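The stops below can be selected one after another.

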Amino acid sequence: VSVVIDTPDDGPPIVHAVKDSSVLVDQIQVGDKLLKVDDEDVAMLTAVRVSKIISRKSANPTRKFTMMRIIVIDEHNGD
């Protein structure tokens with residue numbers, strides 16, 4: 001899927017980079033947290049183990065990635 005995953009000191013694996021050639025380039029972003037791969041919980045696994053799971057499922061015609069993205073909204077109204 002041409003996505004680089006990293007393991008932070010705590011929490012789920014995160015997207016470190018998305019290659020331009022990835023089919024997911026317009027769907028995921030650097031910093032997204034990877035929670036599940038095809039409904040398999042990967043939130044507490046290392047990036048190496050998650051990459052192996054993704055590779056193992058590469059023959060599947062479709063795959064499902066459950067991600068979490070934090071969005072910060074600044075509602076500064078100037079008053």
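**Salt bridges and a surface patch**

Across the whole structure, a search returns five salt bridges. The model is predicted.

Start by selecting Asp38 and Lys57, whose side chains form a salt bridge with an N to O distance of 3.9 Å. This pair links distant parts of the chain, 19 residues apart: Asp38 sits in the loop between strand E3 (33–37) and strand E4 (40–41), and Lys57 in the loop between helix H1 (47–56) and E5. Asp38 is partly exposed, at 22% relative accessible area. Lys57 is buried, because its relative accessible area is 15% and the limit for buried is under 20%.

Next, select Glu40 and Arg56, a salt bridge with its closest N and O atoms 3.5 Å apart. Here strand E4, holding Glu40, is linked to helix H1, holding Arg56, across 16 residues. Glu40 is partly exposed at 29% relative accessible area, while Arg56 is exposed at 56%. Now show Asp38, Glu40, Arg56 and Lys57 together: salt bridges with shared partners join them into one network.

Move to Lys64 and Asp39, where the closest N and O atoms of the salt bridge are 3.0 Å apart. Lys64 is in the loop between H1 and E5 and Asp39 in the loop between E3 and E4, so this bridge ties together parts 25 residues apart in sequence. Lys64 is partly exposed, with a relative accessible area of 43%.

Finish with Met68, Ile70 and Val72, a nonpolar surface patch with about 330 Å² of accessible area together. Ile70 lies in the segment after strand E5 (65–68) and is exposed, at 62% relative accessible area.

Conventions
Residues are numbered from 1 along each chain as its sequence is written. This is a predicted model: local features need pLDDT of at least 70, side-chain atom pairs count only at pLDDT 80 or more; totals for chains, interfaces and linings use all residues. Side-chain values use heavy atoms; hydrogens and water are left out. Patches are made of residues with over 30% relative accessible area and no salt bridge: like charges are joined within 9 Å, nonpolar side chains (Val, Leu, Ile, Met, Phe, Trp, Tyr) within 5 Å. Accessible areas come from the Shrake-Rupley method with a 1.4 Å probe; for residues, only the protein chains shown count as cover. A salt bridge is a side-chain nitrogen of Lys or Arg within 4 Å of a carboxyl oxygen of Asp or Glu. Helices (H or I, at least four residues) and strands (E, at least two) are DSSP runs, numbered from the N terminus. Buried means under 20% relative accessible area, exposed over 50%, partly exposed in between (1.4 Å probe, protein chains only).
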